[in-house]
Amino acid sequence: MAPRKRKQDVSWRKSIKGRHAIGIIITFALLIPLGIAFILPFIVMVSTALKPLNQVFAFPPRLIPETVQWENFADGWYGYGYVNFTTCTWNSLKITVNNIIGNLVSCTLAAYAFARLKARGKNFFFAIVLATMLLPNEALVVPQYILFNKLGWLDTHLPLMVPPWFGWAFFIFLLRQFFLTIPEELIDAAKIDGAGHARILLQIFIPLSKPALATLAIFAFIGNWNNFFGPLLYLRTPDVQTLPVCLVQYQGAYGNTEWHLMMAVATIAVIPVLLVFIFGQRYFVEGIATSGVKG
Amino acid sequence: MLRKYFPAISASARREERIFYLFILPWLFGLVVFSIGPVFGMLGLSFTDWRISLDNLQFVGLENYTKLFADPIFWTSVGNTLYIVVGRVVFGTSFALLLAILLNQKVPGIPFFRAVYYLPTVTAGVAVALVWIWIFNPRLGILNYSLKQIGIQGPNWIFSKTWVKPSLILMSLFSVGPNMIILLAGLQGVPKELYESAEIDGAGHWAKFKNVTLPMLSPVLFFVIIISVVSSFQNFTEIRVMTEGGPGESSNVLIWYLWENAFIFLQLGVAAAVAWIMFVILMALTGIQFRVGRRWVYYEGEA
């Protein structure tokens, strides 16, 4: 019986191998065209950013510009009328950095409490965290708008910069999942040494959670840098605008826009996000996978 | 009575409890002020004639709601929203699953492709929405030019009443990154033994997919569908930048209808009513999905 079985095994493995080669070809036949499709919008953006205006409207459209016009970047940045990209970029940067710090501080505290502290009522409040994880802020803007109006915060950065200091359910959940994986023994040892919760959090949890905190920082960076709804809602005067709103103000009526300059500025606006994504990709992928699977 | 829920505890446990509440205090404060407060405030304001100022508010009962239900544009925007939600859930989830399956193959270069497929998601925003206007340009855009090369006369995309919604759905396929990654992690969590035993039973690719992958993936798939529905309601940027609800009202979705009423027509009472309806729809959808999900989702360890 034994030799026959081995023979069977070999033939089985062979057929799998043959199938595997075809599988690889099919996989690449899909992977590569899809990859090109995903990059195409960027190619269109950059190539338009490099063209003189008359070539932008040329037919047939060309992905590689005939003449490269680097001045587009400087001209676009210079803006026109009241649109000032230096101010907008500075505002975006300021809000984004503040919000990353605010989110990290407030969410770390809450996540530690939910992961490691015992209290009556904890399950109740954690259920609220889970329920509000999916609540889109857009559904709440009208009353939030009144609130900020009453506080006299309209046309300032406060409606954008204050709420992040009060936590975000999604981040609290992600960080709690990570905190649960930190071994109990470490905490016990620290407690024996007389450390309080503040010290345990600062000296054990935060150093051990750098990858998770990096993930949240990247999420927060991208979310805030791309945020359009909030600034559009709360900001009026040109001096306080953020980058996405500036870009839209650049957009004139349909079809009557300096596309080459607009795409040049759009390219500049996208670069920071691309850099953060490329350098932080490892953390990013892990963080998203955690949100869906280990929940 | 209260004792039952708050049993007496030791002094050290009480101290820990105080620290717990101290640590969650910022979040709790934010929850009350920025979420729960607004939800109820919105409900209250939807019964008033609130326009610009909050002074002299008149209670108008259900007038905002009756006005809303009598407005054909409201129903158009409900229909448009449903169209886009269904389209994004069906096509977006299938597409994300296809990408996840591709990225789960044992071939070289996967991290590179994963990054490339994720890229449009992180850059989704005003800058890329502007590029898409250009891609969708019926005469000069790259999309119709490419279609022409293979002999197809492309439609007017976002400038056409019939094609604007499919265009937005098509564009949303480029930002399925998170769903793709979540599904990929789900695929990698399927125990290899299950595939091996299915192969021994002589199962082909399709049979393995249908009988092993899908059931094992169902909790993750279910989660992905929920986020897709919720995020489809939030597609404000594309609408504001690319179509402003047009042409006609053919891409007027609820979030745009809300925005127009609140900040363009300054009918804030009506907007509050819309916001409340949206909130109820979202909560109901999530609830229904949880219920339905429980029935068809396979959880490991269940009989």
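In chain B, 68% of the contacts between residues at least 6 apart in sequence join residues at least 24 apart; two residues are in contact if their C-beta atoms, placed from the backbone, lie within 7 Å. This is a predicted model, where local features need pLDDT of at least 70, side-chain atom pairs count only at pLDDT 80 or more, and totals for chains, interfaces and linings use all residues. Residues are numbered from 1 along each chain as its sequence is written, while chains are lettered from A and ligands numbered from 1 in the order in which they are written.

**Confidence**

The model scores ipTM 0.81 and pTM 0.83. The per-residue score, pLDDT, is the predictor's confidence in each residue, from 0 to 100. Here is how the chains come out:

| Chain | Mean pLDDT | Residues at 70 or more |
|---|---|---|
| Chain A | mean pLDDT 81 | 87% of residues |
| Chain B | mean pLDDT 82 | 89% of residues |

Over residues 299–303 of chain B the pLDDT is below 50, and beyond near neighbours in sequence this stretch has one contact in the model.

**Chain B and its helix pair**

Chain B has 14 helices and zero strands. Helices (H or I, at least four residues) and strands (E, at least two) are DSSP runs, numbered from the N terminus. Of the 303 residues in chain B, 40% are buried. A residue counts as buried if 20 or more other C-beta atoms lie within 10 Å of its own, exposed if 12 or fewer, and partly exposed in between, with C-beta atoms placed from the backbone.

Now for one helix pair. Helix α4 (residues 72–103) and helix α8 (residues 164–172) of chain B pack at an angle of about 35°, with their axes 9 Å apart. Those axes are lines fitted to C-alpha atoms, for helices over the stretch in contact, and angles run from 0 to 180 degrees between N-to-C directions. The crossing of α4(B) past α8(B) is right-handed: a crossing gets that label if the near helix is turned clockwise from the far one by less than a right angle, and left-handed if anticlockwise.

On the α4(B) side, the residues that meet α8(B) are B:Asn80, B:Tyr83, B:Ile84, B:Gly87, B:Arg88, B:Phe91 and B:Gly92, and their partners in α8(B) are B:Lys165, B:Leu168, B:Ile169 and B:Ser172. By class, this contact between α4(B) and α8(B) has five nonpolar, four polar and two charged residues. For the classes, Ala, Val, Leu, Ile, Met, Phe, Trp, Tyr, Cys and Pro count as nonpolar, Asp, Glu, Lys and Arg as charged, and the others, Gly among them, as polar.

Helix α8(B) is mostly covered, with seven of its nine residues buried. Among the buried residues of α8(B) are B:Lys165, B:Leu168, B:Ile169 and B:Ser172. The cover over the buried residues of α8(B) includes α4, α6 (126–135) and α12 (236–243) of chain B.

**Where the chains meet**

Across the interface, 73 residues of chain B are in contact with 69 residues of chain A. Helix α2 (residues 11–45) of chain B brings 20 residues, the largest share of the chain B side. That side of chain B splits into 60 nonpolar, 11 polar and two charged residues.

**Inside chain A**

The domain assignment of chain A gives domain 1 (2–69) and domain 2 (81–293); such bounds come from an automatic or database domain assignment. Eight residues from domain 1 of chain A and seven residues from domain 2 of chain A make up the contact. On the domain 1 side, α1 (2–50) and α2 (53–56) of chain A each give two or more residues. The largest share of that side, four residues, comes from α1(A). By class, the domain 1 side has six nonpolar, one polar and one charged residues.

Helix α11 (residues 210–226) of chain A holds A:Leu213. A:Leu213 counts as buried because it has 21 C-beta neighbours inside 10 Å.

**Two positive phi values**

A:Asp155 has phi near 65°, a positive value in a residue other than glycine. A:Asp155 sits in the loop between α6 (141–150) and α7 (158–161) of chain A, and is partly exposed, with 14 other C-beta atoms within 10 Å.

In chain B, phi of B:Leu266 is near 55°, again positive in a residue other than glycine. B:Leu266 lies in the loop between α13 (254–264) and α14 (268–296) of chain B, and counts as exposed, with 12 C-beta neighbours inside 10 Å.
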